Amino acid sequence: MKNQPNFTPILLGSDFNVYGMARSFYELYGQPVKAIASIQLAPTRFTKIVDLELIDGFDEDPVWIESMRKIKTRYQDHDEPVILIGCGDGYAELIAKHKDELADTFVCPYIDYDLLKRLNNKERFYEICDQYGLPYPATRTISKADHDSDQSIEQPFDYPVALKPANSVEWLDVHFEGRKKAFRIQSREEFDRVINLAYETGYTSDFILQDFIPGDDSHMRVLNAYVDQNHHVKMMCLGHPLLEDPAPSAIGNYVAILPEYNQAVYDQIQTFLEAINFTGYANFDMKYDARDKTFKLFEINLRQGRSSFFVTLNGYNLADWVVQDYVTQTLADQPTVYGNQDPNKHALWLGVPVKTFKKYARENADKDHAMALIKNKRYGTTFAYSKDMNLKRWALIKWMNHNYVKNFDRFFAENKG
């Protein structure tokens, strides 16, 4: 067993993001990681590397903060740092909201709540992009008041258009037939149907209507960063997605990522993060627009993403940065790491079986490169981990991959074709 520094990480959630972070910690220290969640999800079943505690209703206040007050008593006399890491939008928001109350017991590597609320709402994020000169798709905001008025909602862009909820946390609780994480709208009729159903079933926040940037999934980019407690960017790792999940509830979730190096993108995002005094993990989604040769930002996630294990896979262990920052106190004087400069060290991250990637990824030079990495065994996944395998987990992974194959066969032509 490896020697673990004197600290305790606590992960909030039970999804792919949690398993990826737990695996990152386990690869460093060889010890299971504590996690707390409201429900058990498949990625953290039958595992020895996640010690999961379930608390009914833990994903929302008041249960969350009431539970955290009780959990504080377990650690209030703990000499070593106890680090809270929210592995989802809701958990990250809850930590930031109650950071002042929790900070006497827990390390909370998150920005203040007011800044978080500005960044995790797409409308306000685009206002900040304007302030700092960051490009994003041409956008129009649609409110519930616009929907409730007698006048037809203006359509400033040609179809297809992109439509997404401005409030991704509230959207999690909205359910109707045809609901998707994000929409590519093909007609006025489809637009009216989606807007009507969303507001009729309880959504109250705004929608973001955007000019659809041409191009398939391989035009996307994802950037992960870690910013230390002094608001200095210490690690940036750019990924080039080649394929996304087509299932309605998972659209936008990457399932294949090549590492990529682009210093211009790194410089632009580093300048932004340091200017706003960011702290902790950040995850950006963007798409290359060939019409003006720019990478246009879609959003910032204030935590690691479900596919962020591609960072650890390529040699920049996600867990190590927060440990160096708050535990060993060795990060402050280190230079910024700009990931993926050496192509000989690149590894492909996959979230689906190889055969699914091979069948559905667009034929281009990037796919050829990915297939060469697969041929040379330079690829990996988040959840298929040789040090955490047993018969039940092996069967679970087979079942998960079977569902991916079914979903691609069922939804790809409709949502990604």
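A: Arg 188 and Asp 192 both belong to helix H9 (residues 188-200), where they sit four residues apart, about one turn of the helix. Helices here are DSSP runs of H or I with at least four residues, strands are runs of E with at least two, and both are numbered from the N terminus. The two side chains meet in a salt bridge, at 3.2 Å from N to O. A salt bridge means a side-chain nitrogen of Lys or Arg within 4 Å of a carboxyl oxygen of Asp or Glu. Arg 188 is partly exposed, with a relative accessible area of 27%, and Asp 192 is partly exposed at 29%. Buried stands for under 20% relative accessible area, exposed for over 50%, and partly exposed for what lies in between (1.4 Å probe, protein chains only).

The model is predicted, so local features need pLDDT of at least 70 and side-chain atom pairs count only at pLDDT 80 or more, whereas totals for chains, interfaces and linings use all residues. Residues are numbered from 1 along each chain as its sequence is written, and side-chain values use heavy atoms, with hydrogens and water left out.

Side chains of opposite charge can pair when their charged atoms come close. The count of salt bridges comes to 22. One of them joins Lys 97 to Asp 61, with the closest N and O atoms 3.5 Å apart. Lys 97 lies in helix H3 (residues 89-97) and Asp 61 in the loop between S3 and H2, so this pair ties together parts that are 36 residues apart in sequence. Lys 97 is partly exposed, with a relative accessible area of 43%, as is Asp 61, with 26%.

Asp 89 and Arg 303 also form a salt bridge, at 3.0 Å from N to O. This pair links distant parts of the chain, with Asp 89 in helix H3 and Arg 303 in the loop between strand S13 (294-301) and helix H11 (309-313), 214 residues apart. Asp 89 is partly exposed at 25% relative accessible area, while Arg 303 is buried at 14%.

Next, the patches. These consist of residues with over 30% relative accessible area and no salt bridge, like charges being joined within 9 Å and nonpolar side chains (Val, Leu, Ile, Met, Phe, Trp, Tyr) within 5 Å. Asp 56, Asp 59, Glu 60 and Asp 173 make up a negative surface patch. Asp 59 is placed in the loop between strand S3 (50-54) and helix H2 (63-75), and is partly exposed at 39%. Met 389, Leu 391 and Trp 394 form a nonpolar patch with about 350 Å² of accessible area together. Met 389 is in the loop between strand S16 (379-380) and helix H15 (391-415), partly exposed at 37%.

Finally, the whole chain. It has 15 helices and 16 strands. Its radius of gyration (taken over C-alpha atoms) is 21 Å, close to the 22 Å that the globule rule gives for 417 residues, so the chain is as compact as a globular protein of that length. That rule is 2.2 Å times the number of residues to the power 0.38. Along the principal axes, the C-alpha atoms fill a box of roughly 60 × 50 × 45 Å. Of the 417 residues, 55% are buried.

Conventions: Accessible areas come from the Shrake-Rupley method with a 1.4 Å probe; for residues, only the protein chains shown count as cover. Lys and Arg count as positive and Asp and Glu as negative; His and the chain ends are not counted. The place of a charge is taken as NZ of Lys, CZ of Arg, CG of Asp or CD of Glu.
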